[in-house]
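Welcome! Here is a short tour for anyone meeting this structure for the first time.

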Amino acid sequence: MLYNARNGRLSLDGAVVHYLQFGKGDKHLLMLPGPGDGLKTAEGMALPVAYQYRAFAKAGYTVTLISRREPLPEGFPTRDMAADIAACMDQLGIPQTDVLGVSQGGMIAQWLAIDHPERVRKLVLAVTAPNGNETLHAVVPRWMDMARQDDYPGIMMDTAQKSYSEAYLRKNRLFLPLLGKVGKPKDFTRFLRMAEACLTHDAAAQLGSITAPTLIIGGEQDKIVGAEASRQLHAGIAGSELYMYPQYGHAAYEEAKDFCSRVMGFLG
């Protein structure tokens, strides 16, 4: 199978956790996705994810992407999500790993590095924030209102408009309406609970306890967490490195052609 891609599931406190893996190297890389996981889990996604991030497999990594538990309890914070990740690592036999957390995945990665420092070798935090800041509070509640109104096309279009660069939006303007026509979940409960966890996230006071070498990647045009969020993470994590893409926003990890090579350069 392409890049040895495979899907799997774990059992955690009676809940199901979907995950995927690809690559077969001796080095481990854990990927933690953003709130889109609330709309579509890792189930059945091994092949497309492996292809998108094939550079890591070619570099000798075994890559694991872990979803949030399903069902997701009400009021389940990012810190508890990080505890779930540590428990899943135990089940998968991964004692320590490099970690790439994107958006809300970066929030979870912060807590993983804070509460389970022995599990994180190196840490990459991409387009994420140390807390539920004003920018998030101006954006996420709007998505939550759309979810309550069953407006999936509205969520997808607003997310795209706030995530991608103007150049990308112009180039793909004919395809953007298709985003709201595929992948709609049966209900939005999971998405709403993950959105609430974004708003209540607050690891700012504990960032100083992160000891793993850390790279922070942000976008100056980020309209979801804001560019300042990356600088706040950099200020809070001693010895961290910061790189800001001047032309990209929240989707920098998709748009920047050098994103994977930049991450691998840091991980060494």
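## Helix α4

Buried means under 20% relative accessible area, exposed over 50%, and partly exposed in between (1.4 Å probe, protein chains only). Helices (H or I, at least four residues) and strands (E, at least two) are DSSP runs, numbered from the N terminus. With those terms in hand, look at α4: 11 of its 12 residues are buried, among them W111 and L112.

α4 covers residues 104–115 and reaches 17 Å from its first C-alpha to its last, close to the expected 16 Å; that expectation is 1.5 Å times one less than the number of residues.

## About the model

This is a predicted model, where local features need pLDDT of at least 70 and side-chain atom pairs count only at pLDDT 80 or more, while totals for chains, interfaces and linings use all residues. Residues are numbered from 1 along each chain as its sequence is written, and side-chain values use heavy atoms, leaving out hydrogens and water.

## Salt bridges

A salt bridge is a side-chain nitrogen of Lys or Arg within 4 Å of a carboxyl oxygen of Asp or Glu. The whole structure has 15 of them.

One of these joins R79 and D115, with the closest N and O atoms 2.8 Å apart. R79 lies in helix α3 and D115 in helix α4, so the pair ties together parts 36 residues apart in sequence. R79 is partly exposed at 36%, and D115 is partly exposed at 31%.

## Cysteines

How many disulfides (pairs of cysteine sulfur atoms within 2.5 Å) are there? The count is 0. The sulfur of C198 is 19 Å from the closest cysteine sulfur, in C88, too far for a bond. C198 is buried, at 4% relative accessibility.

Definitions and conventions: Disulfide = S-S within 2.5 Å.
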